[in-house]
Amino acid sequence: MKFWKILKSHIEETLPEWQDKFLCYKDLKKELKLIYPQDARPMKRQRLNNDEVTKEVNDFVKLLEEEIDKFNSFFVEKEEDYIIHLKVLKERVAEMRKSNVEVNRLGRDIVDLHGEMVLLENYSALNYTGVVKILKKYDKLSGELLRLPFIQKVLAEPFFETEVLNKLVKECDTLLSLLYQTEPLKVAGAGGGGSGGERPVKVPQDLAEIKNMENMYLRLTYSALRVLQEMRSRSSTVSMFSLPPMNTNALDNVWKNAPVVIQEAK
């Protein structure tokens, strides 16, 4: 299956508000076809006026840069929202009472946040992969080497810098583990009795509601992972443009901390 069909399938499955935030791969391919028509290539390429080629190449690069700006705006906005949301969730855990209803509601919110953050990690990887692939097509058609200098700049773009996001995901995982400890635990900064403002919190063991909860973000995350795996399986070579190896086992272990049924998602 071609890359665009793979990406298009994932976009159709993802959150509606995310769908127009992905790479416009089809539009970029159209720009390439304007520069280098498929018929009689490369003879057609030689007959193109240099000024025409320059204008069309500039249009292609401009469109690609606009896509990068789109990624950055969306990624940074989401990351800032997650920082605030995670802080609120930490405060809720610190103030949590012994109510089953409250624990279930809080657990659901943490699971949703964790899932959406992992989805944003995959958003970064999918769009980076798309940029690499469209630049590879350009280099192949033009005989030039635009991919290397362009990707070197992309590696410093906010949407590709996921260190902060990775840290937030780990913190959310820790918070989830804390919430579902079966032994009485102490939450710092909660006020009340005990030294240092700590108080014991006993997490209820009857979590049937969350155990049977189907999580939308989990399904979407595995969908994104399948897309990445399929794209990588189509390439037998590893280059400087390749993403690091995928660690799907780590994702499985993270989600096992939440009592959520994941069989259907896989």
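Reply: Axes are lines fitted to C-alpha atoms, for helices over the stretch in contact, and angles between N-to-C directions run from 0 to 180 degrees. This is a predicted model, with pLDDT of at least 70 needed for local features and 80 or more for side-chain atom pairs, while totals for chains, interfaces and linings use all residues. Numbering starts from 1 along each chain as its sequence is written, and side-chain values use heavy atoms, without hydrogens and water.

Me: What makes α5 roughly antiparallel to α6?

Reply: The axes of helix α5 (residues 100–142) and helix α6 (residues 147–154) come within 10 Å and cross at roughly 165°. Angles over 145 degrees count as roughly antiparallel (under 35 roughly parallel, 65 to 115 roughly perpendicular, the rest oblique), so α5 is roughly antiparallel to α6.

Me: Why does Ile 84 count as exposed?

Reply: Exposed means over 50% relative accessible area, buried under 20%, and partly exposed in between (1.4 Å probe, protein chains only). Ile 84 has 55% relative accessibility, and therefore counts as exposed. Ile 84 lies in helix α4.

Me: Which residues form the nonpolar patch on the surface?

Reply: Ile 83, Ile 84, Val 88 and Val 164 form the patch, with about 330 Å² of accessible area together. Patch residues have over 30% relative accessible area and no salt bridge, and nonpolar side chains (Val, Leu, Ile, Met, Phe, Trp, Tyr) are joined within 5 Å, like charges within 9 Å. A salt bridge is a side-chain nitrogen of Lys or Arg within 4 Å of a carboxyl oxygen of Asp or Glu. Areas come from the Shrake-Rupley method with a 1.4 Å probe. Helix α4 (residues 50–94) gives the largest share of the patch, 3 residues.

Me: How many helices and strands does the chain have?

Reply: The chain has 10 helices and 2 strands, taken as DSSP runs (H or I, at least four residues, for helices; E, at least two, for strands) numbered from the N terminus.
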